[in-house]
Amino acid sequence: GNNLDNILKNILKHFISGEIVNVDYVNNRQIDLLFKKNNTLFYRETKSNLDLDSEKSPATIEKILHIGKCLEEKFQENKVDVGVQNIWFEKENDMKSTLFSWVKKTPVKIYFMKDFFELAGISITKEKYYNIWKEIGKTL
């Protein structure tokens, strides 16, 4: 939740040529991560676990679509890109998730850290990424 949001915001502050948009809530719904690069607003609902229960998956999708629509109305001069941001580097073959089947029916996409780093212009391998997390784990 909030720890992942803060980590991603810090990466953006230090590496991306864009800006974090300081909007925390839209219609009483919390925004996890919102940033702008060029003329596109990127809204991401951060989820470390994609295997949500049968009620949480559609609620998450509905929230993302609702906030996306509100952002389009508020920031009409910008394109709005919405999705779920996951902590895994990329989709693994054995990765199971109820959310995968739900997003297929919508314009919402699931983004992995590989996608996030590419957007931020950061070159990092899967091995290096997981090694960083192993080092962080040792300090906890």
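This is a predicted model: local features need pLDDT of at least 70, side-chain atom pairs count only at pLDDT 80 or more; totals for chains, interfaces and linings use all residues.
Me: What is the order of the strands in the open sheet, and which strands stand at its edges?
Reply: The open sheet has five strands with mixed pairing, in the order β1-β4-β5-β6-β7. Each edge strand has a single partner strand, so one side of each is left without a neighbour in the sheet, and these edge strands are β1 (19-20) and β7 (109-111).

Me: In which sense do β6 and β7 pair, and which residue of β7 is the bridge partner of Gln85?
Reply: Strand β6, which covers residues 79-86, pairs with β7 over three bridges, and the sense of this pairing is parallel. For Gln85, the bridge partner in β7 is Tyr111.

Me: How are α1 and α4 oriented to each other, and what is the class of the residues in their contact?
Reply: Helix α1 (residues 2-15) packs with helix α4 (residues 113-120) at an angle of about 25°, and their axes are 10 Å apart. Because angles under 35 degrees count as roughly parallel, the two helices are therefore described as roughly parallel to each other. The contact is made by Leu8, Ile11, Leu12 and Phe15 of α1 together with Met113, Phe116, Phe117 and Ala120 of α4. By class, this contact has no polar and no charged residues, but eight that are nonpolar.

Me: Is Thr60 buried or exposed, and what is its relative accessible area?
Reply: Thr60 has its place in helix α2, which spans residues 56-74, and, leaving aside residues up to four places away in sequence, Thr60 touches Glu45, Lys47 and Leu52. Of these, Glu45 is 15 residues apart from Thr60 in sequence, while their C-alpha atoms are 8.2 Å apart in space. Because buried means under 20% relative accessible area, Thr60 counts as buried, with a value of 5%.

Me: What is the phi of Asn28, and what is the phi of Asn38?
Reply: Most residues other than glycine have a negative phi. Asn28, in the loop between β2 (25-26) and β3 (29-30), is exposed with a relative accessible area of 76%, and Asn38, in the loop between β4 and β5, is exposed with 64%. Although Asn28 is not a glycine, its phi is positive, at about 65°. Asn38 is not a glycine either, and its phi is positive, at about 55°.

Note on methods:
Residues are numbered from 1 along each chain as its sequence is written. Side-chain values use heavy atoms; hydrogens and water are left out. Axes are lines fitted to C-alpha atoms, for helices over the stretch in contact, and angles run from 0 to 180 degrees between N-to-C directions. Helices (H or I, at least four residues) and strands (E, at least two) are DSSP runs, numbered from the N terminus. Angles under 35 degrees count as roughly parallel, over 145 as roughly antiparallel, 65 to 115 as roughly perpendicular and the rest as oblique. Contact means heavy atoms within 4.5 Å. Ala, Val, Leu, Ile, Met, Phe, Trp, Tyr, Cys and Pro count as nonpolar, Asp, Glu, Lys and Arg as charged, and the others, Gly among them, as polar. Buried means under 20% relative accessible area, exposed over 50%, partly exposed in between (1.4 Å probe, protein chains only). Two strands pair if DSSP finds at least two bridges between them.
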